Amino acid sequence: IIPLHHPSLPIRVSYLKKEKAKRNENNWRRKKRKIGKLVNPISSLILAAVCSRDLLPKRAATLSPTTMARRSLSANLLLFLFTFALFHTHALSKTLKRDVKALNEIKSSLGWRVVYAWVGDDPCGGDGLQPWSGVTCSTQGDYRVVTELEVYAVSIVGPFPTAVTNLLDLTRLNWKCFCKIRDFHNNKLTGPIPPQIGRLKRLKILNLRWNKLQDSIPPEIGELKSLTHLYLSFNNFKGEIPRELANLPELRYLYLQENRFVGRIPAELGTLQNLRHLDVGNNHLVGTIRELIRIEGCFPALRNLYLNNNYLTGGVPAQLANLTNLEILHLSSNKMTGVIPVGLAHIPKLTYLYLDHNQFTGRIPEAFYRHPFLKEMYIEGSSFKPGVNPIGMHKVFEVSDADFVV
């Protein structure tokens, strides 16, 4: 312990101050090196200036107002330059040749329909040109890659462009006509989905609705492990719904309505733990609901189930009440028979129930009329006993384009 009056005290204090300043400087250098790895060389130079010892804050008592103002101005200027350099990192990077080639192949296949929106050779922009309309890029290392592609056009004619499957960093593919619902027939993207679609491992949203795509869905679609939204409705797909869709662990929304699917709905879809919306309406599907929900603990997150306008038979099994998150159950226009089980009325948040145009018999249990959330129950066109009444104000079901916005 050094006494306060000891002659070596000033030297000791000076030494401690130097050690502290040295530690602070080393800390700034470490931060500079760490951040320098994340930005381009220009940004690193500016960051080095910001982190330099001359700009480190000093005690206010040792700085005059003029000096403090100058330092504040210098720091603000360098901060502006640093931010400017960060914003221009994207522009200074080169677009990956693989993506440039793929997008230009797509551009050639679409011809005049996109020529005015896709200007230049680089889809990510450059040389004073903006990125192509509907193309979103991001920087990965020293390169820019295409991560989102949204093609909205009228009268797109021709097969699905295989070049799309070369955009390996794609997370979102949205390809539909930019038109009113009544004009959707002007969009004629035809042929099958190529099996190479399975290469897009990072794809999260695949939207191909309102086209005229044909043939079966390739089983390779089950390789898109990151997929959360799949929109294939309003096409001409045929064959069976592939069981490989059950291999998509992140899938939440599955739209397959308005196609020509046949066979049974795969019960394996019930193993999808995150699936919230399943729409297979307006197809040529057969089978029973009992077969669909035969796997124990199936559809744990399902909220909306659309099975309407198919050829389903059998009754409504009491086990359907195990889908406790169900809010919409659409069974209209099938060939279903039997009575409606009272257990269905115990689904806590059931809001819309469509039973119309089937061959149901008997009475509707009174519990349905006391359900706190049930707003609509359609029963027309069935063989219920006289006196059975619907619930709610029935409206004509209309499709709005807003219902299909991703």
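These questions and answers walk through a predicted model, from strands to single side chains.

Reader: How many bridges join strand β2 and strand β3, and in which sense do they pair?
Author: Let's begin with where the two strands sit: β2 covers residues 135-140 and β3 covers residues 143-152. Gln 140 stands opposite Tyr 143 in β3. The strands pair in the antiparallel sense, and the number of bridges is six.

Reader: Which residue in the hairpin of β2 and β3 takes a positive phi?
Author: Good place to look! The hairpin has two residues between the strands. One of them has a phi near 70°, and that residue is Gly 141.

Reader: Which strands stand at the edges of the open sheet, and why is one side of each left without a neighbour?
Author: The sheet has three strands in the order β4-β6-β8, with parallel pairing. Two of them have a single partner strand each, so one side of each is left without a neighbour in the sheet. Those edge strands are β4 (157-159) and β8 (212-213).

Reader: Which residue of β6 does Pro 159 stand opposite?
Author: Start with the strands: β4 and β6 (residues 188-191) pair in the parallel sense over three bridges. Within β6, the residue opposite Pro 159 is Thr 190.

Reader: Is the disulfide link of Cys 124 and Cys 137 left-handed or right-handed?
Author: The count of disulfides comes to one, and this bond joins Cys 124 to Cys 137 with an S to S distance of 2.0 Å. Cys 124 lies in the loop between α6 (112-115) and β2, while Cys 137 is in strand β2, 13 residues apart. Both cysteines are buried. The angle about the S-S bond is -85°, and the link is left-handed.

Reader: Is Gly 287 buried or exposed?
Author: You can find Gly 287 in the loop between β14 (284-286) and α7 (289-292). Its relative accessibility is 5%, and buried means under 20%, so Gly 287 counts as buried.

Reader: How far apart are the C-alpha atoms of Gly 287 and Leu 312?
Author: Leaving aside residues up to four places away in sequence, Gly 287 touches Arg 264, Tyr 311, Leu 312 and Thr 313. Along the chain, Gly 287 and Leu 312 are 25 residues apart.

Reader: What is the angle between the planes of Phe 237 and Phe 261?
Author: The count of aromatic pairs comes to six. Phe 237 and Phe 261 form a stacked pair, 6.3 Å centre to centre. This pair links distant parts of the chain, with Phe 237 in the loop between β9 (229-231) and β10 (238-240) and Phe 261 in strand β12 (residues 260-264). Both residues are buried, and the angle between their planes is 10°.

Reader: Why is the pair of Phe 360 and Phe 384 stacked?
Author: Phe 360 belongs to strand β19 (residues 359-362) and Phe 384 to strand β21 (residues 383-384), 24 residues apart. Both of these residues are buried. Their ring centres are 6.2 Å apart. Planes under 30 degrees apart count as stacked, so this pair qualifies with its angle of 25°.

Reader: Which ring does the charged end of Arg 209 sit over?
Author: Here a charge meets an aromatic side chain. The charged end of Arg 209 is 4.6 Å from the centre of the ring, and that ring belongs to Tyr 231.

How values were computed: Residues are numbered from 1 along each chain as its sequence is written. This is a predicted model: local features need pLDDT of at least 70, side-chain atom pairs count only at pLDDT 80 or more; totals for chains, interfaces and linings use all residues. Side-chain values use heavy atoms; hydrogens and water are left out. Two strands pair if DSSP finds at least two bridges between them. Helices (H or I, at least four residues) and strands (E, at least two) are DSSP runs, numbered from the N terminus. Buried means under 20% relative accessible area, exposed over 50%, partly exposed in between (1.4 Å probe, protein chains only). Contact means heavy atoms within 4.5 Å. A disulfide is a pair of cysteine sulfur atoms within 2.5 Å. Rings of Phe, Tyr and Trp (its six-membered ring) pair if their centres lie within 6.5 Å; planes under 30 degrees apart count as stacked, over 60 as edge-to-face and the rest as tilted. A charge sits over a ring if NZ of Lys or CZ of Arg is within 6 Å of the ring centre and within 35 degrees of the ring normal.
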